[in-house]
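The sequence and the structure come first, followed by notes grouped by topic.

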Amino acid sequence: MSGLALFGGTPVHRQAWPQWPQSTLTCERALLTVMRSGRWSVSGLETDASPTWDQRFAEAFAHYNGVRHCVPTANGTSALMAAMQALGIGAGDEVIVPGLTWVACASAVLAINAVPVIVDIDPASLCLAPHAVEAAISPRTRAIMVVHLYNAIADLDALLPLARRHGLHLIEDCAQAHGAQWRGRHVGTLGAVGTFSMQNGKVLTSGEGGACICDDPDLAARIFRLRADGRQRVTDTVPSGYMTLEEGGQGFAQNACLSEPQAAILLSRLEDLDHENAQRARQAQRLRQLLEEIGGFAFQQTAEGTERTTLYHFPVRLEGPEFEGVAIAQVCRALSAELGCWVHPPYPPMDRFAVLAPGHSQRLLTAPRVPQPLLCAQAAHRQHVMLAHWLFLADDQAMAHVAQAFAKVKEHAHELRARQGEGQ
Ligand SMILES: Cc1ncc(COP(=O)(O)O)c(C=O)c1O
């Protein structure tokens, strides 16, 4: 085995990785149709009385998830904001969010002048720890935002009854779990509302995009208006050249509509989601086995009842004593150099995101509340390295290379410890 690629040795893997996002012929044909249609947004004028791509995607995504309604949105953040506002959450209300997730989960709460209450995670699942949620509930708590993070489903057996017992809404943030299934149902259909991000790195993407799903038609109608500047769909037939949206006059809203080209991309790529998810799951299982043979690595645990996980990023916990005292960023750099791809640590604990600091913005009326130190989120950030989902669309040989890279970095960990910060 040669020396570490980080310090000039030969990399383990030199081939290109699968590109992400990927286009398909169906996707390109659909895009061309939209581009020539004369209508690029739901807020455009009626052209030919056929359903908009936004409507077609909404129907398909609702059907895919086994739920009655879907409202596409501009991104996952606006989906969260619309969901919370549609549930009646607003100024001064508290929403419990996980201590390990993308910052938007908390900033969406701040953006509606509510208070994100940031609580710790379970060290095995890296998702919300139910006991931490229970301890953080106050008379102002209105909702629990659960995130099915990376490669796992959160502990819904505990969180669903907990939310019910305390009369709280459960919002499922499925930005990282399109297609995951738990006890016979898709995630996003178990709480009051499910939200999704279709941002560039997500397993179903239109570059930017999002959606809310729910069963309640009134809730869906409120979300629709909240994402369309308060407008709703005109119910009568609209002649060509006229608006299909009209003022709904029901409270403050913003424009957070998905565009027609984005909806066309999502509709066509939805066809590939299940088989791509299955391929990622297969290769992740292969990598798990290879890393178990090497020893010293552990994996994210999903909730009991999980029937199908999805893989957004694949966290690998470094357990071997070899890695003691080596900064996780240095391990990531070493793996990146071996594999020629992006390997990175998990999110920082939520209370470390600078944008959430109190007094940081004149726009914000509230600041996050952190009832207990986020010890497990801190440990998770120190102990894991993350592999992006598109690596798992590669072949068996690539997975063998990933395992070899982990073995090599483990064998040379003492060098990383001695040369911290080198090779940046
Ligand atoms: C868990 C989670 N929630 C919300 C978001 C926000 O989505 P968007 O970037 O589409 O606004 C993301 C995006 O990465 C996410 O991962």
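In this predicted model, the centres of domain 1 and domain 2, taken over C-alpha atoms, are separated by 26 Å. The contact draws 52 residues from domain 1 and 54 residues from domain 2. The notes below cover the division of the chain, then the interface.

**Division of the chain**

- The domain assignment gives domain 1 as 5-21 + 273-418.
- Domain 2 is assigned to 25-270.

**Buried area**

- The size of an interface is often expressed as the accessible area that is lost when the parts come together.
- Here, domain 1 and domain 2 bury about 4500 Å² between them.
- Carbon and sulfur atoms account for 58% of that buried area.

**Polar contacts and salt bridges**

- Two salt bridges are found across the interface of domain 1 and domain 2.
- A salt bridge joins the side chains of Arg269 and Glu276, at 3.0 Å from N to O.

**The side of domain 1 that touches domain 2**

- Two helices, H8 (260-294) and H10 (375-383), are among the elements that give two or more residues to this side.
- Strands S13 (306-308), S14 (313-318) and S16 (384-388) also give two or more residues each.
- Helix H8 gives the most to this side of domain 1, with six residues.
- By residue type, the side of domain 1 that touches domain 2 has 30 nonpolar, twelve polar and ten charged residues.

Key:
Residues are numbered from 1 along each chain as its sequence is written. This is a predicted model: local features need pLDDT of at least 70, side-chain atom pairs count only at pLDDT 80 or more; totals for chains, interfaces and linings use all residues. Side-chain values use heavy atoms; hydrogens and water are left out. Domain bounds come from an automatic or database domain assignment. Contact means heavy atoms within 4.5 Å. Buried area is the accessible area (1.4 Å probe) that two parts lose on being put together, summed over both. A salt bridge is a side-chain nitrogen of Lys or Arg within 4 Å of a carboxyl oxygen of Asp or Glu. Helices (H or I, at least four residues) and strands (E, at least two) are DSSP runs, numbered from the N terminus. Ala, Val, Leu, Ile, Met, Phe, Trp, Tyr, Cys and Pro count as nonpolar, Asp, Glu, Lys and Arg as charged, and the others, Gly among them, as polar.
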